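Visitor: Please show me the model, and let me ask how its labels were assigned.

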Amino acid sequence: MTTLLSERKASLETRLSHVAGVPVEITFIGGAQISVAAEGDARAALEKIHAFLGGDVTDWSAVFDPSCDYSCAYLTLKGF
C-alpha cells in the first residue's frame, strides 16, 4: 500500500472512530466495497457510521461474531 493511501486510510479510520465512539479498522474489499470492524459487540457504534455516511451507502449490514468478540459492517459506497 502506498504511503499516501496508508495516510488516507488512517485518517478515515480516525474520523470514523470518532463518529462511532470506538476504535475501528477499515478494510478495502474491492471496488466501492469496504468493511469497518470494531472489537466487542459494537453494532450500535457501527450504526452511527451508517447514519453519518447516510445516502452515500448501499448494501449495509452489521454483524457481531461472539466466537471472536468482533463486530463488522459491510457496505458499498455510492458513486465510488
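Visitor: How many salt bridges does the rule give?
Guide: The count is 2, where a salt bridge is a side-chain nitrogen of Lys or Arg within 4 Å of a carboxyl oxygen of Asp or Glu. The model is predicted: local features need pLDDT of at least 70, side-chain atom pairs count only at pLDDT 80 or more, and totals for chains, interfaces and linings use all residues. Residues are numbered from 1 along each chain as its sequence is written, and side-chain values use heavy atoms, without hydrogens and water.

Visitor: What makes E13 and K9 a salt bridge?
Guide: Their N to O distance is 2.9 Å, and the limit is 4 Å. Both residues lie in helix 1, 4 residues apart, about one turn of the helix.

Visitor: Why is E13 called buried?
Guide: Buried means under 20% relative accessible area, exposed over 50%, partly exposed in between (1.4 Å probe, protein chains only). E13 has 16%, so it counts as buried. K9, at 17%, is therefore buried.

Visitor: What about D41 and R43?
Guide: Their side chains form a salt bridge at 2.8 Å, N to O. D41 has 45% relative accessible area, so it is partly exposed; R43 has 37%, so it is partly exposed.

Visitor: Why is helix 1 called roughly perpendicular to helix 2?
Guide: The axes of helix 1 (residues 3-20) and helix 2 (residues 43-53) come within 8 Å and cross at roughly 110°. Angles under 35 degrees count as roughly parallel, over 145 as roughly antiparallel, 65 to 115 as roughly perpendicular and the rest as oblique. Helix 1 is therefore roughly perpendicular to helix 2.

Note on methods: Axes fitted to C-alpha atoms, helices over the stretch in contact; angles between N-to-C directions. Helix = DSSP H or I, 4+ residues; strand = E, 2+ residues; numbered from the N terminus.
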